[in-house]
Amino acid sequence: MIFLKRLELQGFKSFAGKTTLDFTARVAGVVGPNGSGKSNVIDALRWVLGEREAKQLRGDSLENLIFAGTPKRPAVGLAKVTLYFDNAHGQFPFDAPEIALQRRVDRSGTSEFFINDEEVKLRDLISMLARAKLGARGLTMIGQGQSDMFVKSPAEERRIMIEEVLGLKEFRIKKSQAERRLTTSAVNMDKTRAMLEELLPHLRFLRRQKHRWDKRSEVERELNDLENAYYSFQYHKLLHSLRADTGNHPEELEKTKKQKEKEIQELETRIRGIEQKTSAPEKIRAIRTELSELGARRLTLERNLARVEVRMEFESKEKNIPSKNAEELSGVIQTASKDIEHALSLSGVDEIKTVLQKILQSLSGVFQAGAVKEKTEDLDGEKHNIKIELEKINRDITELQKAEDTLAHEQQEANKQFREQIEILESKKNEIRKLDQQIQIQLFEKEKINIRMGELEREWHALGREITELASLPVSTESDPDTGEMERKMLKLRGELASIGEIDQNLVAEASESEKRYEFLSTELEDLEKAISDLKKLIKDLDEKINEDFKSAFKLINEEFNKYFRLMFGGGKARLFVEKKKKPEVEAGEQKEGDEPPKPIVAEEHEPDLTAGVEIELNLPKKKITSLEMLSGGEKSLVSIAALFALIAVSPPPFLVLDEIDAPLDESNARRFADLVKDFSTKSQFIIVTHNRSTMEAADILYGVTMADDGVSKVLSLKFEEAPSA
Ligand code: ATP
C-alpha cells in the first residue's frame with residue numbers, strides 16, 4: 001500500500017509551474033544534477049508538514065519559498081504545495097479515503113493550511129500528524145547534510161527523535177497542552193480566588209443587609225396582612241353600623257314627629273275651642289262684684305237697722321227710768337260713747353248687737369221713758385223699710401250665689417277638659433321632645449360613624465393605600481377579632497420596620513449582582529479546581545504512558561541498534577541508555593585525561609524522568625572510543641543510520657524522507673544502506689534524494705529533477721524497471 005500518494009508543487013522555490021510527483025512505488029529516488037531542485041522537493045515536504053523555521057527550509061523567510069523568478073521566467077505571487085495521503089486505514093480522523101494536505105503562502109507572508117480544502121490551524125495539524133507518526137523534523141525527515149544528526153544531536157533531542165518515531169510525540173503534545181492549560185488554569189484559579197477574597201467581605205456586608213431586608217419584606221407582608229384584616233374589619237363594621245336596621249331611622253323618626261306635630265296642632269285648636277267656649281270667668285267676676293256691692297249695702301242696712309232698733313229700745317226705756325244727777329249721766333254717756341265707737345269698728349252684726357245691748361242697759365237706768373212717743377213710730381217705719389230692703393238684698397244675694405255656683409261648676413268642667421287636653425298636649429310635646437332627642441342621637445351616631453369612617457380612610461391613605469382598595473378588601477372571617485391586640489401588633493411591626501430601615505434598591509441590586517458574581521466565581525473556582533485535578537491526572541497518565549511505551553520500546557531499540565551497528569561496522573558494540581540528570585556537585589570538565597568516562601546515572605525503574613536524554617555508548621572494533629566526537633564524519637553517519645534503522649525496525653513510520661544521507665558512505669556501506677532500505681520498504685515508504693547508484697538501484701521509481709535555462713525545475717519520472725540498463 002502506498003501511504004504517501006502524490007506531491008504537487010506550484011510556485012514553490014524553483015518549481016515555478018505546477019509539478020506533480022506520483023509516488024507509485026514503496027521506494028522513490030529523487031535524482032538529478034546539483035542545484036536542479038531535488039532538495040527543494042524535500043523542503044516542500046517538510047514545509048507542507050508544518051515546518052515553521054525558514055532556516056530548516058534553507059531560507060531566510062517564508063517569502064523565499066515563493067518562486068523568485070529568473071531572467072527567463074517571471075516571479076509568482078503564491079507558493080502552493082499539496083500532499084496526498086491514502087486514508088483507507090483511517091490514519092487521519094477524516095471520513096475520506098484520501099487526504100489532501102495543502103499549504104500556501106503569498107508574498108504578504110500569509111501562510112494557510114487546508115485539509116481537503118478545509119482550513120486548519122497549524123497546532124491542530126501538528127497534533128493530527130503526530131498521531132499518524134508524521135512530522136516535519138526528526139529521523140523520518142532527514143535533510144541534506146544531516147545524516148549524522150542522531151549522533152550530533154544533544155541527548156535530549158535524541159530522546160525526542162526516538163519518541164517521535166515511537167508515536168509518543170502525540171502524547172508529548174497533549175502533555176504540553178495539558179501543562180499549558182494547567183498553568184493557565186492555575187493562574188486563573190489564583191485570580192478567581194483573589195477576586196472571591198476581594199468580593200467576600202463586601203458580599204458578607206450585603207448579605208447581612210439583604211437578610212435584614214428580607215426580614216423587612218416578611219415584616220411588611222405580615223403588617224400588610226394585619227392592616228388588611230384590621231382595616232377591613234373596621235371598615236365593614238362601620239359600614240354595617242351605617243346600614244344597620246335599628247328601627248330608629250332618623251327619617252322614620254322625623255315622620256313620626258311630623259305626625260305628632262299635626263296631632264298637637266289639632267289639640268291646640270281644640271284647647272283654644274274650649275277656652276273660647278266658656279264665658280264663666282267673666283260672669284263669675286260680674287256676679288262677685290255685684291255680690292260684694294250687695295254685701296256692702298246689706299251691711300249698711302243692718303247697721304242702720306241696729307241703730308234704729310237701739311233708738312227704738314232707748315225710746316221705750318226713757319218712759320220708765322227715773323232721772324239721774326248730772327254726774328251719773330255724764331259717766332254713763334262717756335261709757336256709752338266709748339262702746340258705740342267700739343261697735344262702729346266692728347263688722348259682724350252679732351258683735352255689734354252685743355255691744356249695743358250693753359250700751360242700752362247702761363243707758364236704761366239714766367234716761368227717762370215716755371218722752372219720745374212720736375219718735376218711736378218713725379223708727380218703726382224706718383225699721384220696716386230697712387227690713388224689706390234687707391230681705392230683697394238677701395234674696396238677690398242667694399240668687400247670685402246660686403248663679404255663681406252654677407258658673408263655678410261650669411268653669412270646673414271646662415277647666416277639667418282644658419287640663420285633660422293640656423295633659424295630652426304636654427304628653428305629645430314630650431313625645432316630640434323624645435323624638436327630637438332620638439333623632440339627635442341617631443344623627444349624632446351617624447355623624448360619629450361618618451367621622452370615624454373619614455378617620456379610617458385617612459389612616460388607610462396615610463399607609464400609602466388607595467381608598468378604593470379599602471372597599472375591595474375581603475371581609476374578615478373572624479367575627480370578633482381582638483382589635484386592641486391587632487393595633488398593638490401593628491405598632492410593634494411598624495417599630496420593627498423602622499429599626500430595620502428603608503430598603504436601598506441600589507444595594508439590593510448590588511447584592512444580587514454580587515451574589516451572581518460570587519456564584520459565578522465559585523463555580524468557576526470549582527471548575528478550575530476540577531480542571532486542574534483532571535489535568536494533573538491527565539499529565540500523570542501521559543507521563544506514565546510515555547514512560548511505559550518509551551521504556552518497553554527502548555529495550556528493543558537497543559537490541560536493534562546493536563545489531564545494525566555491528567552490521568555497519570562489521571563488529572563492535574553499541575548501546576543507548578537513558579541519562580539521568582547529573583547532580584549539581586558533579587562538575588563537568590573535572591575529568592582527567594585517560595580517566596574512564598563518567599558513568600551515566602541510569603534512570604531508576606520507579607522514577608520516570610521524561611526529561612532524561614538518550615546517550616550512546618560505543619565500542620568500535622579495533623578502536624578505543626571515549627567520546628563520540630572522536631568518530632569520523634562517515635562513522636557518525638553510520639552510527640546515526642544504524643540508530644535510524646533500529647528505530648524504524650521497532651516502530652516503522654508510514655514513510656521516510658531522506659536527503660542524501662548516503663552521501664558520506666563508502667561504496668560497501670552505501671550498498672548496505674541500499675539493502676536496508678529495500679528490506680524496510682515493506683514496512684515504510686521511502687523517498688530518498690540521492691546521487692548514489694546503489695540507492696538508485698534500490699528505488700522502484702526514480703524522479704529525475706532537471707533545471708533548464710529558464711531556472712525552473714522540472715520532474716521526469718522513470719520506473720526503475722523501465723530505466724535503460726547502464
Ligand atoms: P544538490 O544536488 O547540489 O544538493 P539540489 O538538486 O538539491 O542540489 P536544490 O538545493 O534543491 O538543488 O536547489 C537549489 C536551486 O533552487 C538553486 O538553483 C536555487 O537558485 C533554486 N531556488 C531556490 N529557491 C528559489 C526560489 N525562491 N526561486 C527560484 N529558484 C530558487
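**Ligand shell.** I called a residue near a molecule or strand if one of its heavy atoms lies within 4 Å of it. By that rule I found 19 residues around the ligand, with Asn34, Gly35, Lys38, Arg58 and Gln144 the closest. I kept in mind that this is a predicted model, in which local features need pLDDT of at least 70 and side-chain atom pairs count only at pLDDT 80 or more, while totals for chains, interfaces and linings use all residues. I also noted that residues are numbered from 1 along each chain as its sequence is written, and that side-chain values use heavy atoms, with hydrogens and water left out.

What is the make-up of the shell around the ligand? I sorted it into 5 nonpolar, 10 polar and 4 charged residues. For this, Ala, Val, Leu, Ile, Met, Phe, Trp, Tyr, Cys and Pro count as nonpolar, Asp, Glu, Lys and Arg as charged, and the others, Gly among them, as polar.

**Polar contacts.** I took a polar contact as a pair of N or O atoms within 3.5 Å; within protein, one must be able to donate a hydrogen and the other to accept it, and residues adjacent in sequence count only if both atoms are side-chain atoms. A backbone N or O atom of Asn64 sits 2.9 Å from a ligand nitrogen, and a polar backbone atom of Lys13 is 3.5 Å from a nitrogen of the ligand. From a side chain, an N or O atom of His691 comes 3.1 Å from a ligand oxygen. On its own the ligand exposes 640 Å², and the protein buries 74% of that (Shrake-Rupley areas with a 1.4 Å probe; for residues, only the protein chains shown count as cover).

**Helix H1.** Which helix gives the largest share of the shell? I found H1 (residues 38-48), with 3 residues; helices (H or I, at least four residues) and strands (E, at least two) are DSSP runs, numbered from the N terminus. All through H1 I saw cover: 11 of its 11 residues are buried, meaning under 20% relative accessible area, where exposed is over 50% and partly exposed in between (1.4 Å probe, protein chains only). Among them are Lys38, Asp43, Arg46 and Trp47. After H1 comes Gly50, with a positive phi near 105°.

**Sheet.** I traced an open sheet of 6 strands with mixed pairing, in the order E8-E11-E12-E3-E13-E14; two strands pair if DSSP finds at least two bridges between them.

**Strand E9.** E9 (residues 573-579) has 5 of its 7 residues buried, so the rest of the structure largely encloses it. Its antiparallel link to E10 (residues 613-619) has 7 bridges, and Leu576 is partnered by Ile616.

Most residues other than glycine have a negative phi. Asn116 has a positive one, near 45°, in the loop between E6 (111-115) and E7 (118-120), and is partly exposed at 31%. Glu660 is positive too, near 50°, in the loop between E11 and helix H15 (667-680), but is buried at 14%.
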